[in-house]
Amino acid sequence: KLLSKDRNLYPVLKRDKDRQSVPLFNTMAKKNAEKKPYALELSGAFIMLSLIASGMLAFAVGSGARLILLTQLGPIIHNPLLQDDPLLGAGASANISNVNTAPAGSKALPPPLLRDGKEFPRTLYSSKNFDIAASSTSRNVLVERKHPVEKTPWEVCKDGEESENCKVSPETLAYWKEEGEEEYVPKEEEEEEEHLPAGQHLLVDIKEVNSNFLNSEYQLAQAMVDVVAEADLTLLSYHCHSLVPTGVSCVGVLLESHISFHTWPTEGVITLDLFTCGSGALIPVLPSLERLFAVPETPRYEGEEVPQPTVVWSHTLRGFRPEGDRTKAYELGDLGQEVLRILDLDMKEEIVSVETDYQKIDVYDVIDPRNRNINSYHKSLNDDESYESQNADLFRPNRKVFLDGILQSSSYGDEAYHEALVHPAMFAHANPERVAIVGGGEGATLREVLKHSTLEHVKMIEIDDVMVAVSDEHLPAWNDCSDIVGSTKSCFEDLRADVRAEDALAFFIDNFYDDGDEKDSEDEETVDPFDVIIMDALDPSDNVAFADALYNNDEFLISMYNGLEEDGVLVLQLGNSPSHNDPAEENTVHRNRALITQAIEKVGFKSIHVYEESHCGFGASWSYLVACKDESCRRRWYASAAQVELAMHERMLRTYSGKAQLKSFDGATMQSYQVPHSAFERVFCRKENAPIECSYLQGLKPTMPNAPSTTFNVGTSKTSPRGFGLFAKERIPKGSMIMQEKSAHPIHFSPSSRSLLDAFYKHDPIAAKNAEPVLTYMSEHGFENTLYGGHGYDVDSSIATFISHGCDGSFNINADPSVKITENTADPDNPPVFQYAKGQSKTCFNPVIDRHLPHLVGGLDVALRDIEAGEEILDNYLTLVSSKADWKDLVRRLKEECK
């Protein structure tokens with residue numbers, strides 16, 4: 001019935017075969033009979049009307065929902081493109097940017113700052129608010145895009161009012177005026193930066209801060225906005241809570257990452273957290289953070305002294321950086337480990353940070369509460385009668401110098417390090433007149449050299465002239481020569497000093513390397529050899545290419561050797577001293593140290609010594625190496641404490657103040673340098689093909705058989721012209737040590753003592769009568785050695801002094817089993833060099849020998865065969881001399897005695 005009312009308005013079914021139209025009810029009636037397919041046909045008008053109606057309905061529902069979500073339920077989405085949407089109206093931006101639960105009439109928080117010309121970030125913003133019963137206010141503030149985007153003058157935000165050009169606080173406006181405002185370069189015009197999964201994290205804690213400031217949400221928010229602006233970061237939004245009863249917490253979302261802080265107004269404390277990705281440095285932001293957040297308390301009455309805010313901070317790298325990244329190297333080096341990462345330093349102030357053509361220079365002032373106190377430092381600044389103010393130098397901050405993140409020196413360890421580097425080498429030379437310094441940009445090495453009255457010329461060769469300039473300005477104590485009589489205020493200006501900004505490698509190679517080619521002497525400067533060369537350059541273990549070039553360059557080492565006079569001395573610093581648990585240095589990061597030591601010995605130096613100083617301020621003992629071209633320096637190297645003190649008194653220039661010229665080095669200190677630490681010996685003996693000294697020249701070993709003094713007695717000798725001899729009371733097996741418990745305690749006549757006795761004997765007849773018995777005892781019962789330089793003598797202090805010479809090879813004990821020479825086969829004019837001959841050695845660098853000189857001089861005798869009870873103990877006297885003159889006399893005398 002319904003279909004029959006108006007057939008024209010309803011669709012019809014058409015037969016596929018003949019396309020003949022039939023009424024719908026006729027088709028249904030004949031459906032079962034015909035069993036043929038049909039198609040549904042819709043008119044064009046119906047389709048168009050349906051589409052239009054559906055689109056309008058969807059548009060209306062979407063627009064309504066959009067308005068409800070954005071204007072009623074708060075900002076759940078923020079896109080800069082929506083701010084100009086005509087559907088939202090002119091107030092849409094304000095509605096998105098300011099959502100808060102602040103009391104009516106409260107001051108509006110400052111908007112995030114976007115510098116003019118900076119591209120507006122395309123971001124999505126979402127948030128969710130939880131129960132804020134503990135907060136008196138809760139506000140979200142989002143970045144706004146101002147129009148027009150052309151550069152406009154920056155105006156000051158006053159009393160929380162906002163205007164078209166209101167952007168910064170008065171302090172930040174002043175900051176930019178002081179710094180000078182440059183045209184901002186949009187991101188698309190900058191060189192594209194690689195985005196790495198890495199960032200920087202800056203933590204800042206401040207105490208003694210104004211309590212009212214710490215409880216002011218507006219002032220704190222303004223300070224945060226200003227810091228972000230001055231750091232040239234992009235603040236997308238921030239969220240603040242004023243807490244009950246006091247305190248404020250804010251979190252700002254940066255395009256680069258985030259910034260946040262929390263305050264404790266009652267305690268006067270604020271803690272801040274700034275994290276950014278990208279290459280922009282965060283440490284330069286610290287002055288802004290301190291200026292804006294370290295607000296001091298207001299005095300309650302005129303004249304009240306209020307404590308100044310104390311700022312501590314920590315900087316560390318986060319994420320993952322590629323190998324070889326320089327920033328990573330700095331952070332993992334001394335600069336990061338000792339300064340940047342440590343939060344609880346009482347003071348950590350950057351003095352200067354500059355990148356040169358060769359290196360990055362960083363200078364910091366540091367007060368570590370473990371050894372200094374910030375309050376004591378503040379007291380030292382007062383002009384009163386307190387101990388601190390009267391001794392201000394003792395409480396000053398520790399100024400540290402870093403090159404490429406590696407600590408070079410510090411004000412606390414300046415004197416110990418540089419005096420240990422310079423004076424042992426200078427006093428190892430009899431009369432140093434010409435000195436060369438490789439590196440030493442701080443000027444402290446130059447300062448120490450200039451203290452020697454014998455000095456006529458010193459050439460300081462520092463490749464980085466910026467380092468010298470930075471030192472002159474920021475490290476005045478390092479290069480202050482004003483107290484040295486005859487010098488100048490700055491050591492760099494002393495007339496004896498020639499400070500050159502050039503490559504030291506090229507200087508020595510060009511002037512002293514003999515490659516067989518003739519050089520044009522007319523065009524080149526003639527440089528005379530030096531008495532002392534001081535290497536105050538990089539640590540051999542530094543992981544930089546220049547360190548390899550400096551310490552693994554044969555031409556450079558040969559040039560330095562040639563650049564020394566025949567009695568010249570070379571000294572260099574070797575970095576951290578080894579420890580007892582270190583493997584052989586050839587297999588560690590100290591490989592360069594092992595190679596340079598071997599190369600120095602190979603190039604021709606005759607005497608090499610290592611020593612260490614533990615007060616350099618490096619956190620570990622620091623090691624040095626002195627190499628002499630002539631063995632005569634050993635006499636001065638092993639000088640007694642009194643001799644060193646006398647040399648200091650005779651040579652060191654006086655001071656205007658009357659104070660001692662040296663603060664760390666003296667005679668006793670020099671004596672401590674003469675014996676290397678046991679760690680040098682142990683590491684040396686762990687290398688492959690360790691020298692034979694490592695097997696039995698390390699003192700008395702309980703595991704080795706030893707014939708003690710109770711095994712022997714004194715009797716009548718059948719061979720000795722003295723009539724006495726030493727005999728075995730029982731059988732002594734082959735290889736047994738001979739009285740090792742007594743061998744290290746001989747009566748020692750040093751070369752200087754022997755020279756003094758000779759002088760008395762020759763020039764003072766009265767003294768000669770007293771000296772003659774001593775000289776006779778020394779020459780007839782002792783044995784000669786040159787290990788201490790010059791010719792010294794040692795006499796056994798035990799019954800071993802009665803051991804006689806074994807004629808015609810009949811000796812049954814000796815220090816060197818390989819020795820076969822006898823008085824009959826010896827050539828008086830050609831003394832041999834024995835491996836162990838009561839003071840002989842074939843190697844010039846051997847910390848084992850240097851540590852056990854008394855043992856080497858007085859003992860090491862072993863049984864060359866089984867010695868039967870009652871048999872006389874006989875040694876080979878030919879191994880007991882070290883000079884050609886004494887050798888000739890001894891061969892002649894033994895031949896006479898053994899006839």
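Is Cys685 buried or exposed, going by its relative accessibility? I found 19% for Cys685, so Cys685 counts as buried. My cut-offs were under 20% relative accessible area for buried, over 50% for exposed and partly exposed in between, with a 1.4 Å probe and protein chains only.

Notes on the model. I worked on a predicted model, in which local features need pLDDT of at least 70, side-chain atom pairs count only at pLDDT 80 or more, and totals for chains, interfaces and linings use all residues. Residues are numbered from 1 along each chain as its sequence is written, and side-chain values use heavy atoms, with hydrogens and water left out.

Entry on the search. I searched the whole structure for disulfides, taking a disulfide as a pair of cysteine sulfur atoms within 2.5 Å. The search returned five. I followed up some of them below.

Entry on Cys685 and Cys694. I looked up the partner of Cys685 and found Cys694, with the two sulfur atoms 2.0 Å apart. The torsion about this S-S bond is about -80°, so I noted the disulfide as left-handed. Cys694 is buried, at a relative accessible area of 11%.

Entry on Cys240 and Cys250. These two cysteines are joined by a disulfide, S to S 2.0 Å. I read a torsion of about 115° about the S-S bond, so this disulfide is right-handed. Cys240 sits in strand β9 (residues 235-243) and Cys250 in strand β10 (residues 248-254), so the pair ties together parts that are ten residues apart in sequence. I took helices (H or I, at least four residues) and strands (E, at least two) as DSSP runs, numbered from the N terminus. Cys240 is buried, at 0% relative accessible area, and Cys250 is buried, at 1%.

Entry on Cys481 and Cys491. I found a disulfide here too, S to S 1.9 Å. The link is right-handed, with 100° about the S-S bond. Cys481 and Cys491 both lie in the loop between α15 (465-474) and β20 (497-500), ten residues apart. I checked burial as well: both Cys481 and Cys491 are buried.

Entry on Cys616. Cys616 is buried, with 1% relative accessible area.
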